[in-house]
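Colleague: Hi! Could you walk me through this one? I'm still new to reading structures.

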Amino acid sequence: MEDRIIYLLKKEQGYLSGEELSKTLGVSRQALWKHIQSLKELGFDIAAVPHLGYRLISIPDRLYDFQVYQGLKTKDFGKRILYFDSLSSTMDMATQLALKEADEGTVVLAETQVKGRGRLGRIWHSPKYKGLYFSIILRPKIALEKASIITLLAAIGICEGIKNYCALDVQIKWPNDLMVRNKKLGGILTEIKAEVDEVNFMVIGVGLNINNDKKSLISQATSLRQEKGEELSRLGVLQNILYRLEVNYSLFRNKGPLAIIDKWRQFSLTLGKRVKIYSHREHIEGEAVDVDSDGGLLIRLDSGLTQKVFAGDVIHCR
């Protein structure tokens, strides 16, 4: 009901009488008043003037599910959204839902995370009402060795979504860092449940700095606000990202991994650079020359040999 009220008030732009609203919604004037009060408690500024009716003054920068649905251009991604003001981790919640057969494209969204995490068990700081913190459930019918492509796909979708919304160029530091001017804007976390060699489901977690000010950013990090010099609508950024994620997921299913890799190269900050890659087993140094059809990074060692890596901490030497 709240989503329909906001839609009608947005559409009218001026005052809309309580009588007309009640009639359109099929509820009593008293029931309408209660819904208006609920919206005010959520942060919507709605003026109520006798003999004129209701007028929407301002909308809070919140990611309420009914707000995301309005204007979302996707078919499946975000068809079901679970919104939380605070959550331990969107990844944990999405994984629980996936184990209970939640549909592909289900999104878990939180305004803050108490135990947000990044790769290798690192903490992901999630300042409330500042960034985007969400996870999405995917069920790609692919072999386990192809799963890394989905991380590349997600990174492309995020770069394109941000570009579409605010004309900012974002680059990808392999495998999962999103960068602007060599500063970290966000990251992607991918977790997989597989049986034998086939993926059962994947959960893609995204953390992005949107309206963070300089004080709330760690060293060598940035935000869209810092880069654009103004606050942006987190809602608009999210809707654009979900749309581009779905577009690229469809491209992957229809054209295969090579179509994704071709696009990924255009956004890569890593290719052509000398890199050091640290993993729990070894460290490798050489030139990052390409990504193969499995999503692995190809490193040309000083010996002239080429080695493929699928994971690790990457340091750009130059």
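Modeller: Happy to! Keep in mind that this is a predicted model.

Colleague: OK, now sheets. What is the strand order in the open sheet of 7 strands?

Modeller: The order is β3-β4-β5-β9-β8-β7-β6, and the pairing is mixed. β3 (81-84) and β6 (171-173) are at the edges with a single partner strand each, so one side of each has no neighbour in the sheet. From one strand to the next, the twist averages 20°.

Colleague: Which helix packs on the sheet and touches β4?

Modeller: That's α8 again, which packs on the sheet and touches β4, β5 (131-138) and β9 (198-209). The direction of α8 makes about 25° with that of β5.

Colleague: Remind me, what holds strands together in a sheet?

Modeller: In general, strands of a sheet pair through backbone hydrogen bonds, and the pairing can be parallel or antiparallel.

Colleague: So do β3 and β4 run parallel or antiparallel?

Modeller: They run parallel, joined by 4 bridges. You can find Tyr-83 opposite Leu-109 in β4.

Colleague: What about β8 and β9, parallel or antiparallel?

Modeller: β8 and β9 are antiparallel, with 10 bridges between them. Look for Glu-191, which faces Val-203 in β9. The two strands form a hairpin with 2 residues between them, and Val-196 in the turn has a positive phi of about 60°.

Colleague: Which residue has a positive phi in the turn between β7 and β8?

Modeller: Arg-181, at about 50°. β7 and β8 also form a hairpin, with 2 residues between the strands. Strand β7 (residues 177-180) runs antiparallel to β8 (residues 183-195), with 4 bridges joining them, and Val-180 stands opposite Lys-183 in β8.

Colleague: Switching topic: is α6 largely enclosed or exposed? What do the numbers say?

Modeller: It's largely enclosed by the rest of the structure, because 15 of its 19 residues are buried. α6 covers residues 148-166 and reaches 28 Å from its first C-alpha to its last, close to the 27 Å expected. After α6 comes Ala-167, with a positive phi near 55°.

Colleague: Where is Ser-216?

Modeller: Ser-216 sits in the loop between β9 and α7 (224-228). Ser-216 is partly exposed, with a relative accessible area of 34%. Ser-216 and Ser-126 are 90 residues apart in sequence, and their C-alpha atoms are 9.8 Å apart in space.

Colleague: Last one: what is the order in the sheet of 5 strands?

Modeller: It goes β13-β12-β11-β10-β14, an open sheet with antiparallel pairing. β13 (306-309) and β14 (313-316) are the edge strands, each pairing on one side only. The twist in this sheet averages 45° from one strand to the next. Inside it, 5 bridges join β10 (residues 274-278) to β11 (residues 283-291), and Arg-274 stands opposite Glu-287 in β11.

Definitions and conventions:
Residues numbered from 1 in each chain as written. Predicted model: local features only at pLDDT ≥ 70, side-chain atom pairs only at ≥ 80, totals over all residues. Heavy atoms only, no water. Expected span 1.5 Å × (residues − 1). Buried < 20%, exposed > 50% of the residue type's maximum accessible area, 1.4 Å probe, protein only. Pairing = 2+ DSSP bridges. Axes fitted to C-alpha atoms, helices over the stretch in contact; angles between N-to-C directions. Contact = heavy atoms within 4.5 Å.
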